[in-house]
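Welcome, and thanks for taking a look at this one. Please open the structure below and keep it beside you as you read.

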Amino acid sequence: MSRPRAVDLALGVLDHQLVDPDGRRCGKVDDLDLELEVEIGEPARVTAVLVGPRYWPGRVRGPIGRLLARLGGGDGVKVSWDDVERVTSAVELARPASELGLGRGDDRFRPLIERLPWA
Amino acid sequence: MRPIFQVALGILAAIGGFVDIGDLVFNVAAGAEFGFSLLWVVVVGVVGIIVYSEMCGRVAAVSKRAVFDAVRERLGFGVGLVALLAAQLVTFLTLAAEVGGIAIVLQLLSDLPFLALLPLAFLGLLAAIWFLEFEWIERLFGYAGLCLIVFVVAAIKLEPDWSSVAHGFVPQIDTGDPLVYLYFAVGLLGAAMTPYEVYFYSSGAIEEGWTPKDLGLNRLNTFIGYGLGGVLSFALMITAGALFLPQGIRPELIGTVALGTEVPLGQIGLLLALVGILFAVGGAAIDTCFSFAYNLAQFFGWEWGKYRGAARAPRFTLAWLVLLVLACGVIATGIDPVMLTEYAVIFSAVALPLTYLPILLVANDRAYMREHANGRLANVFGVVYLLVILFVALAAIPLMLITNMGQG
Amino acid sequence: MRFSDLIDRQVVTESGEHLGRAFDLRAALSPGRLEVTGIVVARRGFLERLGIVQLRALRSHTRVGGDVVPWDAVVSVRGHRIVVRDDRS
């Protein structure tokens with residue numbers, strides 16, 4: 001794939017599933033960081049994927065967004081676009097979720113599940 | 001494609017698992033109220049669930065995306081969240097209704113007090129979910145649900161006026177009581193196309209590791225499995241129409257529903273009906289419970305799926321556990337499960353478009369679906385049913401209010 | 001700047017002509033790089049976000065056609081608007 005493929009960000013990247021190389025689901029693309037540099041005439045790039053409740057107020061404005069962020073725990077992770085391997089129907093990462101700080105929500109609840117009988 | 005034997009087993013499970021508490025309540029009530037004249041609406045509903053499920057199954061097998069992945073991707077975070085809240089509310093109501101139904105049937109089978117049976121129902125469901133593999137849960141409850149075929153036998157034994165029955169398959173409207181008729185029509189459609197069924201079917205396809213090779217299986221499951229499952233719904237309505245309508249009986253209890261088989265077939269009919277209802281509704285409860293967890297996990301990007309194991313999908317596991325406990329709690333308050341079912345079905349009808357549209361969009365997306373995207377026929381049906389669903393969604397609550405939940 | 005900040009802004013030319021709302025960004029994906037190439041603009045709003053601008057759009061991950069303003073025509077993104085040059089070939 002040497003020629004660039006056209007993709008629309010809201011349609012093809014935003015809100016898509018993040019998957020690490022082990023196939024682990026580790027969040028959704030909640031927002032994107034853009035490097036614009038419009039003044040200099042440099043091309044604009046996507047520099048990072050933003051994941052987590054911290055970035056929800058950007059998507060849902062006003063008090064509802066802030067409430068949602070608080071309900072979700074307020075965490076957030078910035079994943080550099082360098083760590084994105086490929087974009088298919090999901091956004092596939094190049095490094096494991098744990099290395100990128102993703103999937104912590106599940107990590108937090110795992111001990112509780114493991115304590116259940118017959119788990 | 002998998003061995004033919006396995007395919008047949010899967011289809012049998014689909015048939016036995018087709019009926020849930022909403023179908024039971026509304027098909028029997030409709031039969032008791034309007035005889036056979038709403039049968040055509042059931043056909044519309046069955047075709048609708050076939051169309052919608054086939055699309056969901058195909059989307060899941062090809063793009064590995066389940067319903068709420070598609071909802072979030074196409075509607076975005078804000079609107080998608082509204083869809084999620086609506087879906088979860090409706091799913092919770094449905095689960096509570098199912099759990100209530102199970103407890104009632106256990107009571108009819110055992111004569112033990114209701115409140116003692118609720119923990120039994122809870123533990124039974126929990127044990128099934130925890131210890132059985134995904135496919136085996138569907139098989140167990142699906143095959144036992146096939147006991148509901150007793151209603152087909154009962155319908156035949158009651159010797160209804162078959163030309164009247166045939167006439168019921170012709171689209172019509174009861175001019176004597178059009179609003180109540182429409183209310184039941186909406187309820188029947190809502191019961192046949194209950195949202196959690198497609199959330200579950202779509203996620204189940206991913207649980208079972210479907211690939212494009214399974215598209216044939218997907219068609220068989222939906223076309224034949226749900227098609228024949230629809231026959232069970234017909235049987236419920238015909239039995240009610242033949243037995244309850246002439247006597248002016250308004251079935252408000254699940255026990256009355258089972259009477260439909262006891263009168264023509266005696267004790268064995270009653271027993272088979274109760275066992276069939278127990279497992280059909282029990283299976284539905286598990287599906288509903290999981291749907292809640294699937295939706296939440298898929299919207300927020302958590303790991304999900306029974307196939308992952310509880311420890312690898314902790315939030316998903318907690319979600320269905322907590323919901324099951326809450327649903328039992330709701331029933332423990334003494335609320336009438338049949339009334340709860342009616343509300344659940346009507347609100348389900350309202351929630352349908354929000355989850356149907358994203359699936360229709362994703363099913364058309366060539367980048368996801370490659371050569372398996374919707375063809376013209378699928379789109380004709382898809383768009384027609386979108387319009388049907390929109391009409392049903394808009395009409396549901398007004399009709400419920402105007403007709404006072406079908407009381408007239 | 002965040003994507004969510006840039007989206008939904010009004011797109012106007014230097015001479016004040018309103019082109020519509022920016023409801024998406026067209027980008028070019030290559031290994032290790034995702035570069036913004038244009039702004040997808042429309043007047044209509046919600047339906048666009050669903051990807052129903054044109055029937056063809058239903059069949060693709062990107063909207064085929066649609067009004068795309070090339071990114072190099074952008075003059076500034078200050079304030080709550082995106083200003084583009086009058087000539088946008």
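Here is a short briefing, grouped by topic.

This is a predicted model, in which local features need pLDDT of at least 70, side-chain atom pairs count only at pLDDT 80 or more, and totals for chains, interfaces and linings use all residues. Residues are numbered from 1 along each chain as its sequence is written, while chains are lettered from A and ligands numbered from 1 in the order in which they are written.

**Chain B as a whole**

- Chain B has 16 helices and 0 strands; helices (H or I, at least four residues) and strands (E, at least two) are DSSP runs, numbered from the N terminus.
- The radius of gyration of chain B is 20 Å, close to the 22 Å that the globule rule gives for 408 residues, so chain B is as compact as a globular protein of that length. The radius is taken over C-alpha atoms, and the globule rule is 2.2 Å times the number of residues to the power 0.38.
- Along the principal axes, the C-alpha atoms of chain B fill a box of roughly 55 × 45 × 45 Å.
- Of the 408 residues in chain B, 59% are buried. A residue is buried if 20 or more other C-beta atoms lie within 10 Å of its own, exposed if 12 or fewer, and partly exposed in between, with C-beta atoms placed from the backbone.
- Among contacts in chain B with a separation of 6 or more, 86% are between residues 24 or more positions apart; two residues are in contact if their C-beta atoms, placed from the backbone, lie within 7 Å.

**Helix 5 of chain B**

- The 18 residues of helix 5 (residues 114–131) of chain B should span 26 Å at 1.5 Å a residue, and the end C-alpha atoms are 26 Å apart, which agrees. The expected span is 1.5 Å times one less than the number of residues.
- Leu118(B), Ala121(B), Phe122(B) and Leu125(B) are buried in helix 5 of chain B. They cover an arc of only 95° around the axis, which puts them on the same side of the helix; the arc is that of the directions from the helix axis to the C-beta atoms.
- Ala116(B), Pro119(B), Leu123(B), Ala127(B) and Phe131(B) are exposed on the other side of helix 5 of chain B.
- The cover over the buried residues of helix 5 includes helix 4 (67–110), helix 12 (254–300) and helix 13 (314–332) of chain B.

- Chain C has 2 helices and 6 strands, in the sequence pattern α-β-β-β-α-β-β-β.
- Of the 89 residues of chain C, 38% count as buried.
- The contact takes 29 residues from chain C and 25 residues from chain A. Strand 2 of chain C gives the most to the chain C side, with 7 residues.
- Strand 5 (residues 44–51) of chain A runs antiparallel to strand 3 of chain C, and 2 bridges join them; two strands pair if DSSP finds at least two bridges between them.
- Ala44(A) has Val36(C), in strand 3 of chain C, as its bridge partner.

**A hairpin in chain A**

- Strand 7 (residues 84–87) and strand 8 (residues 91–93) of chain A run antiparallel and are joined by 3 bridges. They form a hairpin with 3 residues between them.
- Arg86(A) stands opposite Glu92(A) in strand 8 of chain A.
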